[in-house]
Every structure is written in structure tokens, then in C-alpha cells.
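Here is a short walk through one model, with a few stops along the way. Have a look at the sequence and the structure, then read on.

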Amino acid sequence: YHATLIKALTEFGASEIVFDVLFSEPVSDDVDGVLEKAIAESGRVYLPMAFLVEKNKKIWEAHEVLSPILERFKLKAKGVGHINISVDKDGKIRQVPLLVKFNDEFVPYLGFTVAVKRLGYLPKIALDENQEVWVNFPGHWVSTFAHYSYLDILKAYVAKQNGNLPQIDIDVFKNKI
């Protein structure tokens, strides 16, 4: 299903395809091979990883990868990044660590990785005293963003493949992340 979603969004003209699914464990050579091929052929897929992090002198450090990306997928992806978050005392997420230090390298936040590649340059970023980026939510999730179910996208792809009119407007994906 993930491979078909990649094919659909690529065909629909999405500029970047960003997964929040952790592809950390193999399924089978056949299934993983299909996904690997879709990632490679698309050339616009970004994948996440998660670390066990701790704050050390205003630097987020990881000594362990909680969820690595399978190497075969990582090699074909356009980019990778971490998806660790910083949860406030009230349980809300308002900040994310821009970088996590792991094995003497800095791994950027996945959204930042996508933004830099999309923009084509490294923008100036304002960090707070904790070396975190404040997340600016523009409004309520339901009313601010258009939502398309995984299934609706797959159905639209199958309809188009069969020469039928998709039930959703697939042009909304063109040049979008």
C-alpha cells in the first residue's frame, strides 16, 4: 500500500512525499523490494527516524536509535530526518529539537530537511534557549488543512489507471508536499 501511495502521489505531481511511518523492520524481501523500488523511482520520498534523546548542555543528544530506517530504504530516499518532539509540562507539543546529535553528527528534524531541500537554501531559524524551534500552528487541524484519506488517494489512483474519473480532485497534490 505504501508503494502504491508513493506511485499515486508521484503521478499526481506531489513535489515531496513525507512519511511519518517508521520503516524500521523488514517485512519480506518481496514486499520491501516493492517499496524500495517505489521510493527510488519517485525520487521525492522523505523518511523519519526516532532517537532516545536527552538534553545535554542545550544540545539534544542521542545515544540510541529507537527506530532506524531500513538501510535499503534510506539509500533510496531523497532525505531523512528525526521526528523527536519536545512535550511541554501540560502535555502540549509546541517545540521540536531542530537538530539531534548522534555519533558526532547532527540529524535535522524531518520537516526542516524537507523545507531546506524544497527552498534550495538554508533559511535563518530562530531557536529558543533550549535550542528548539517553536511550531507555529496556523489554526485548527480540521478547518485549516484539507484532508484526504489514504484510501481515497489509492482509489483515485486506481480510477485514473483504469481510465475513470477519480472521486477526488487529484490536481490538489500537484507541486505540494
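Which residues in α6 are buried? They are Ile153, Leu154, Ala156, Tyr157 and Ala159, where buried means under 20% relative accessible area, exposed means over 50%, and partly exposed is in between (1.4 Å probe, protein chains only).

## Ground rules

This is a predicted model, where local features need pLDDT of at least 70 and side-chain atom pairs count only at pLDDT 80 or more, while totals for chains, interfaces and linings use all residues. Residues are numbered from 1 along each chain as its sequence is written, and side-chain values use heavy atoms, with hydrogens and water left out.

Helices (H or I, at least four residues) and strands (E, at least two) are DSSP runs, numbered from the N terminus.

## Helix α6

The buried residues of α6 pack against α1 (2-11). Helix α6 covers residues 150-161, and its twelve residues should span 16 Å at 1.5 Å a residue; the expected span is 1.5 Å times one less than the number of residues. The end C-alpha atoms are 17 Å apart, which agrees. After α6 comes Gly163, with a positive phi near 80°.

## A three-stranded sheet

Next up is an open sheet with the order β5-β6-β9 and antiparallel pairing. Since β5 (86-87) and β9 (132-134) stand at the edges with a single partner strand each, one side of each is left without a neighbour in the sheet.

Strands pair if DSSP finds at least two bridges between them; β6 (residues 93-97) and β9 have three, in the antiparallel sense. Val96 has Val133 in β9 as its bridge partner.

## Asn103 in its loop

Asn103 sits in the loop between β7 (99-102) and β8 (105-108). Asn103 counts as exposed because its relative accessibility is 60%. Asn103 and Glu61 are 42 residues apart in sequence and 9.0 Å apart in space, C-alpha to C-alpha.

Note on methods
Contact means heavy atoms within 4.5 Å.
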